Number of protein chains: 2
Amino acid sequence: MPNVTFKFEDGTANVVAVTAGENLLEVARKANVAIDAPCSGNGSCGKCKVKYISGELDTKKTRHISEESFAEGWRLSCVSTVTGDVEVLVPDIASAYKSRMKVADLSSKEEIAIFDRAKKEVEESGIVFENDFSVTELKMEEPTLDDTMPDNERLIRAIQAAAGAEKVKLTYQALKKLPDVLRENRFHINAVLRKGGHGAVVYDVLPANDAKICGLAVDIGTTTVSAVILDMTTGELLAKASAGNGQIRYGADVINRIIESTKDGGKEKLQKAIIEETINPMLDGMCRSAGIRGDRIYHMCVASNTTMNHLFAGVNADPLRMEPYIPTFFETDNLSAYDLGIHVHPDAKIVIAPNIGSYVGGDITAGTLVSMIWNKPEFNLFIDLGTNGEIVFGNSDFMMSCACSAGPAFEGGDISCGMRATDGAIEACTIDAQTMEPTFKIVGDEGQKPVGLCGSGIIDVIAELFRCGIISPKGKFIKEGRRVLHDQYGIGSYVLAFQEDAAGHKDVVINEVDIDNFIRAKGAIFSAICTMIRSLDFDVSMIENVYVAGGIGSGINMKNAVTIGMFPDIELEKFHYIGNSSLTGAYNMVLSRQAEEKVYDLAHNMTYMELSTDPGYMDEFVAACFLPHTNTALFPSVVQEEV
Amino acid sequence: MPNVTFKFEDGTANVVAVTAGENLLEVARKANVAIDAPCSGNGSCGKCKVKYISGELDTKKTRHISEESFAEGWRLSCVSTVTGDVEVLVPDIASAYKSRMKVADLSSKEEIAIFDRAKKEVEESGIVFENDFSVTELKMEEPTLDDTMPDNERLIRAIQAAAGAEKVKLTYQALKKLPDVLRENRFHINAVLRKGGHGAVVYDVLPANDAKICGLAVDIGTTTVSAVILDMTTGELLAKASAGNGQIRYGADVINRIIESTKDGGKEKLQKAIIEETINPMLDGMCRSAGIRGDRIYHMCVASNTTMNHLFAGVNADPLRMEPYIPTFFETDNLSAYDLGIHVHPDAKIVIAPNIGSYVGGDITAGTLVSMIWNKPEFNLFIDLGTNGEIVFGNSDFMMSCACSAGPAFEGGDISCGMRATDGAIEACTIDAQTMEPTFKIVGDEGQKPVGLCGSGIIDVIAELFRCGIISPKGKFIKEGRRVLHDQYGIGSYVLAFQEDAAGHKDVVINEVDIDNFIRAKGAIFSAICTMIRSLDFDVSMIENVYVAGGIGSGINMKNAVTIGMFPDIELEKFHYIGNSSLTGAYNMVLSRQAEEKVYDLAHNMTYMELSTDPGYMDEFVAACFLPHTNTALFPSVVQEEV
């Protein structure tokens, strides 16, 4: 049996015995070697590059690898067949898919402000910030030969006396800890209670001087996963982290993931990728950073799209993909951490923000809560820019939602130098129309060199290239310059940073394929907005505010987003970036029982519009795949620079 | 590092690397090699024999190994130190501790009758045999593009319509199976429901032609574990098994087990020994025999003494052993199979029959149910003969209970040729007073040679030896004969079967040490009965019936039990053997919600008498350590044969 040796840039390696004839990408997947494959290995995206070092590998040549790159050893793993022992290098390139987990620095006020604001607005609507968890201090009599009541009865009676709960139950974890915690603390302890109805469940017993109870909010995006640990009493953020969704190697979009999940052991594989390989490592990192143990997290809320929460729950998602597109659940109220093996208290209930359609999920219902559009008389638009773009339009009387498939471009996916908004990402850019030289802002410390482009950076670059007349409304390069290059196939690109000025070993560029991908993404969003508003016989002029959410980053330049025709051409002050509303929504749901109920309420009252069956949507989409639009009258404010 | 090679009689071996100086018994325990050690390795019981083959082993000589046996290679592992590579044989002797699991033959009517009888008597008292589980057949409309309700809502509405439940929840297991089971059966399925209050929990979804729902009853004895799988609808027994309690290698009695559990990782080790090494293998064997999967068992009831159920639950049992002797729980209502890792449906609730004292546990409360003494006006005595002997006395107005430490003798422990009542056990015996020759009945097929003695056999042998004047009231040999031998220390023994007539490689004997152990066991029982009845100012003549339960076996000869002074000398027809009442009690609790409630009721109304603090108990015990008693006036019917 031949051996495949995967070498990594950090010097480590993974050697796998295979059968001759196996596909290299499949081998990598089986061995848990992360190679980007947004198209799930069908040869279309050109992302799954590895560098051939030595041995026997039979690779088809495709347009994705230039002659020069091929000579350097670059191969697409999805079109490579192992024919004998072979050694390849798996590049650790910064990309949208790089799943290195990042624990956020909570000393940054900016990070915290967005959660505070989301909570404050919801609170101002009258929603009370109380949850079912509390800590009750108990001082019990120590047992004697004349008072031999069992420990659990002693505890239950003390709780009944102190907290007024009629029926008290203990979780198994609390029962197991009870005799030791009682005796180590001379029967003076804190009990962590979850109250409900006339009863209470004892989740934990702690020394009397320890009263910290924590919750967890998780946003499972198709591309990016974000999470916060919070203090359930004060709402204080204790840790925050984000990471690439580990499922990415099974496909960039939900459809490819679902297909992968239907294969033998697929459900388990996809569930493992999100829980064991993504959420648990994030959790462990956050717990270290916050100095707490995972079993001190007693409650958890997940906001994610319908496919993501099905795959997270390990439930067959295939019916979502096939007519008549049926989810297993919109709402589920009986999942516990032990069911899914999440590194928190095993009895922690997992609240999944409710779905309202096969393609409008809990990320949107949770996000709608913090968008606050449900609490205002005027008509507002809420847009969540993710791999799926979801749009909600309405006011305190009605709300309508729809979803469109934007692809991963807003999070830097499907873009050759795309990446998430982490260190080295160009998040903002201007281009001088005369010199065609760029000026940009990079995420990270001072002196950080550019690695790639995140969503907000891509919008800026495309808007600026268009404004300066460097690209046409179709996104093709129409000017020459030292930064404008063309490859052997004639595909034009613009160099933002040459290799010597970049952090990596190559130029940071944007090419016509990237621009085309991004135009389709923005076109999907704009046409969805138009289709939905038109269906109500409304007009974009009636939109009072646009709340933009998503991982695209706070740096999003709304003027540029209008310039490329992503958002309707209305007054710029009507646009508001509200951050990751899926995560802040989940954060509110963890903290407040009423906020959780409100999200269910919103879900029950929101109408879902299926765009794919709307006869006008396709025409709207095709018309929107221009800069800014085929109908320039829709974008009166957009003008190109006269040079 | 030296290697210890444990060889087994079946030819297999286990090689373990150790540090020179390690104790051989400890090495065996760490390597999960089962060596009997009822005294937990303190050198007093002489049970942990292994046969030295070759290599370096430093063993202290003790009275337990004769010069001759030592020369043959026999060593006590607890006093042996590994000093270099060594090879030993671990004897697979039939013994009380042999943990080979036995799945019972349910074609035997006798096996089934005892459960039927126990159920019938409880049912005749008015207790209704209904439990919370049921199967509801559901025929749902298949979804269409115009009816896109999620699977779980579709199911919940169908259940609400069919079963009248208001609030319906799904277990995670049911949710996971739902989309596939629905589609594979065209939305025509059976739902397994647990009803309670106005709601129902869906435990499972099955094809419409499958309606089998199962329950599990387990009796965890200190020495022996027994279990049955039953059909929750019909009560039919589907499988039955028994095995030695895997904890036995950590001590024969509860005190040694508790001490072992307080060591580092001890709780986990003891819990693993009972669950992973005893109950789960029994379950797997029973499931194979019944042709069902473990996840079709939706409910479980455990009856066991207080220490056993603490160790089963993985809860610190040490406070039970130390003044003021406080259990962690008498009752617990929130344990699930997932908490303990039992191979049944993970959401199966584990009902533990309630304890009423540190030494009167759920085995007795469950057993009291089927003893029926709570339902009769006359005064009756219920005796459970186990490693702990427990006694309940009373009638429909009041009940009092107490416990005494009998040791494992009734189950064949602490007896050199003792064994459980499995194949090869002498279960009944008579001795000819003239010839001193024995005649016996052996468990097993015709032609089965004797292996050892089970509890009922030991009673018979001692009673017959005493009746024939072969042993004195103190249990010492006072007659000569070809079957009466004395060893180098002068310890007498009686040979029941010489090696050539026995199944094993040695004589089947009973010696003075065995008799002494058994006299102490029976003395503990008799003195407990006397102490409790005296404390009520009652007299044994007021006892209407004596219900004897325990693993001692249906072969117990009540006349002989009276002859040795184990039971009071009242009319023989008042004695009734009711089998393993702990298991039949648990069986009733699984089948009937009202039976479960009745056991709680009995527990709440039963008084517990602590014998160890009763000033008269010790004197009673000393007086009872004779055959039949120092006060022969208490046993007028007992006469010795005149030869």
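How many Å separate the centres of domain 3 of chain A and domain 5 of chain A? In this predicted model, the two centres, taken over C-alpha atoms, stand 61 Å apart. The domain assignment of chain A lists domain 1 (3-90), domain 2 (102-127 + 213-352), domain 3 (133-207), domain 4 (363-407 + 518-634) and domain 5 (409-512). Domain 2 and domain 4 are each given as two segments.

The relation between the chains comes next. Two copies of a chain are related by a rotation about an axis and a shift along it. Here, chain B is superposed on chain A by a rotation of 180° with 0.0 Å of shift along the axis. The RMSD is 0.1 Å. This is therefore the relation of a two-fold axis. In chain B, Tyr338(B) has the C-alpha nearest the axis, 4.0 Å from it.

The contact between the chains draws 35 residues from chain B and 35 residues from chain A. On the side of chain B that touches chain A, at least two residues each come from helix H4 (151-163), strand E8 (167-170), helix H5 (172-184) and helix H10 (337-340). H5(B) gives the most to this side, with six residues. By class, the side of chain B that touches chain A holds 18 nonpolar, nine polar and eight charged residues. Of the interface residues of chain B, 100% are also interface residues in chain A, so the copies meet through the same surface.

Two open sheets of chain B were examined. One has four strands, in the order E7-E9-E10-E8, with mixed pairing. Strand E7 (133-139) and E8 of chain B are the edge strands; each has a single partner strand, so one side of each is left without a neighbour in the sheet. Direction ignored, neighbouring strands of this sheet are turned by 35° against each other on average. E7(B) pairs with strand E9 (residues 188-196) of chain B in the antiparallel sense, over seven bridges. Phe133(B) stands opposite Arg194(B) in E9(B).

Helices pack on this four-stranded sheet. H4(B) lies across E7, E8, E9 and strand E10 (199-207) of chain B. It runs at about 110° to E7(B). H5(B) touches E8, E9 and E10 of chain B, and its direction makes about 45° with that of E10(B).

The other sheet has three strands, ordered E23-E24-E25 in chain B, and its pairing is antiparallel. Its edges are strand E23 (484-486) and strand E25 (508-511) of chain B; each has a single partner strand, so one side of each is left without a neighbour in the sheet. Neighbouring strands of this sheet are turned by 35° against each other on average, direction ignored. Three bridges join E23(B) and strand E24 (residues 492-497) of chain B in the antiparallel sense. The bridge partner of Val484(B) in E24(B) is Tyr494(B). Helix H13 (residues 512-535) of chain B lies across E24 and E25 of chain B, at about 60° to E25(B).

A helix pair was examined in chain A. Helix H11 (residues 362-371) of chain A packs with helix H15 (residues 581-591) of chain A at an angle of about 80°. Their axes are 7 Å apart. H11(A) and H15(A) are therefore roughly perpendicular to each other. Among the contact residues are Asp363(A), Ala366(A) and Leu369(A) of H11(A), and Thr584(A), Ala586(A) and Met589(A) of H15(A). The residues of this contact divide into five nonpolar, seven polar and one charged.

Terms used:
Residues are numbered from 1 along each chain as its sequence is written. Chains are lettered from A and ligands numbered from 1 in the order in which they are written. This is a predicted model: local features need pLDDT of at least 70, side-chain atom pairs count only at pLDDT 80 or more; totals for chains, interfaces and linings use all residues. Axes are lines fitted to C-alpha atoms, for helices over the stretch in contact, and angles run from 0 to 180 degrees between N-to-C directions. Angles under 35 degrees count as roughly parallel, over 145 as roughly antiparallel, 65 to 115 as roughly perpendicular and the rest as oblique. Two residues are in contact if their C-beta atoms, placed from the backbone, lie within 7 Å. Ala, Val, Leu, Ile, Met, Phe, Trp, Tyr, Cys and Pro count as nonpolar, Asp, Glu, Lys and Arg as charged, and the others, Gly among them, as polar. Domain bounds come from an automatic or database domain assignment. Copies are superposed by least squares on the C-alpha atoms of residues with pLDDT of at least 70 in both. Two strands pair if DSSP finds at least two bridges between them.
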